Amino acid sequence: MATTSLDLAKVRNIGIMAHIDAGKTTTTERILFYTGRSYKIGEVHDGAATMDWMAQEQERGITITSAATTTHWPLDDVDYTINIIDTPGHVDFTVEVERALRVLDGAVTVFDGVAGVEPQSETVWRQADRYGVPRICFVNKLDRTGAEFHRCVDMISDRLGAIPLVMQLPIGTESDFKGVVDLVKMKALVWSAETKLGEAYETVDIPDTHVEAADEWRGKLLEAVAENDEEMMELYLEGQEPTEEQLYAAIRRVTLASTGAEGTTTVTPVFCGTAFKNKGVQPLLDAIARYLPSPLDVEAIEGHSPKDPEEVVKRRPSEEEPMSALAFKIASDPHLGKLTFIRVYSGRLHTGSQVQNSVKGRKERIGKIYRMHANKREEIESVGAGDIVAVMGLKQTTTGETLSDASNPVILESMEFPAPVIEVA
Ligand code: GDP
């Protein structure tokens, strides 16, 4: 059985948020497809298998992801582990969205390129602001009649009050949408007209028709990053062009620092494409790895002692710390029965160990631990800080409760849910 000790710097715990119909499911499916194809675990596992599985799921019409799905994506020869936490798209599930927001580190917001910012995109955006979740945006459906990338970007700034960093410019519109200008690399990424699922893009010179716009928007990008980042500002004032690496690093710093929490303005890199037509998802995956936070970017999570709510206890995302984990979703698996999805914040959790449900003050025994992949589950022996897994065998733990080392109990910051509205007749 695998004992995986993850390099936390290479872990991304993310959610994908959107107004219903914007393309969250399609984008997620494509992400699972591309990531499944690029990574082999245990048995032979290739694109075709993922496709078969996807076709099956679609036939049955059930949701494609579990509460959390683990995938992998290589960028610059580094393997990133991406845990995708399901965030329900419908406004009725606002409380569930809040639970998901509590355990994820970063998010991708998907917009419909025709409709732009819609009411539910606004709702989830505000929730993410409240939790200070760093975000990148994906303007989807650029193949549709009436899609306008720049209108959507303007809405991100006008309606959401955010500072969009335009990272790409679309090449071609509607059915003629071909690809994007990458404003960091200053290259064009183009796909074939009828891009098959999984097809790679070609990196070519920016077409003559787009050179002027690319220069203009590159300038705006550098200026916007500089306004929000001292290091970049210095280069900018000296009239120096940043290297690709400097620019990546600065955009990452800005995205992590400006998250909407406590009245600050959210700065958000914006990408575009069409998930349905398989254009734009690979660069989006690169962006997830490049710009969204790792569990290490949160210095420590705060909780309190079960004995004294006033006594603040901090846990750093390290295996040296006592174990603490938060249960964020209870699900029923057709084969395994009750599964509790947890995020481990500190220490390491082992199968068969006894832990304390510090909210209820009761002992719980950890049964099997599973990493949930898109089309299979993998039993693992233990799980460390920063990671997200499903656990079997918890009898009394409910959503929002903390599991901790029995001799070092902590209650992690409880989630505050809005009080139910009571209608008086
Ligand atoms: P969700 O409600 O946000 O999960 O949206 P879905 O992924 O289910 O997509 C809603 C509808 O839009 C479906 O009919 C999709 O096939 C379609 N769709 C998703 N992405 C695109 C896209 O890039 N272009 C076009 N034309 N349709 C898309």
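Predicted model: local features only at pLDDT ≥ 70, side-chain atom pairs only at ≥ 80, totals over all residues.
Helices and strands here are DSSP runs, numbered from the N terminus.

I begin with the protein as a whole. The chain forms 9 helices and 24 strands. Of its 425 residues, 53% are buried. Among contacts with a separation of 6 or more, 70% join residues 24 or more positions apart. The accessible surface amounts to about 18,800 Å², and carbon and sulfur atoms account for 49% of that area.

I turn next to the interior. In soluble globular proteins, nonpolar side chains tend to be buried together. In this model, the largest nonpolar core holds 70 residues, and the members touching the most others are V108, I136, I288 and Y291. Helix α6, residues 208-227, supplies the largest share of this core, with 7 residues. A second, separate core has 27 residues, including A128, L326, Y345 and L412.

Leaving aside residues up to four places away in sequence, I136 touches several residues, among them A107, V108, F271, L284, I288 and Y291.

Finally, I come to D143, which sits in the loop between β5 (135-140) and α5 (149-158). Is D143 buried or exposed? D143 counts as buried because its relative accessible area is 17%, and the cut-off for buried is under 20%. Its side chain makes two polar contacts that I wish to point out: one with the side chain of T274, at 3.1 Å, and another with the side chain of K277, at 3.2 Å. Beyond residues up to four places away in sequence, D143 touches E174, S175, T274 and K277.

Terms used
Residues numbered from 1 in each chain as written. Heavy atoms only, no water. Helix = DSSP H or I, 4+ residues; strand = E, 2+ residues; numbered from the N terminus. Buried < 20%, exposed > 50% of the residue type's maximum accessible area, 1.4 Å probe, protein only. Polar contact = N/O pair within 3.5 Å; in protein donor to acceptor, adjacent residues only side chain to side chain. Contact = heavy atoms within 4.5 Å. Core = buried A, V, L, I, M, F, W, Y, C linked by side-chain atoms within 4.5 Å. Areas by Shrake-Rupley, 256 points an atom, 1.4 Å probe, with all protein chains shown as cover.
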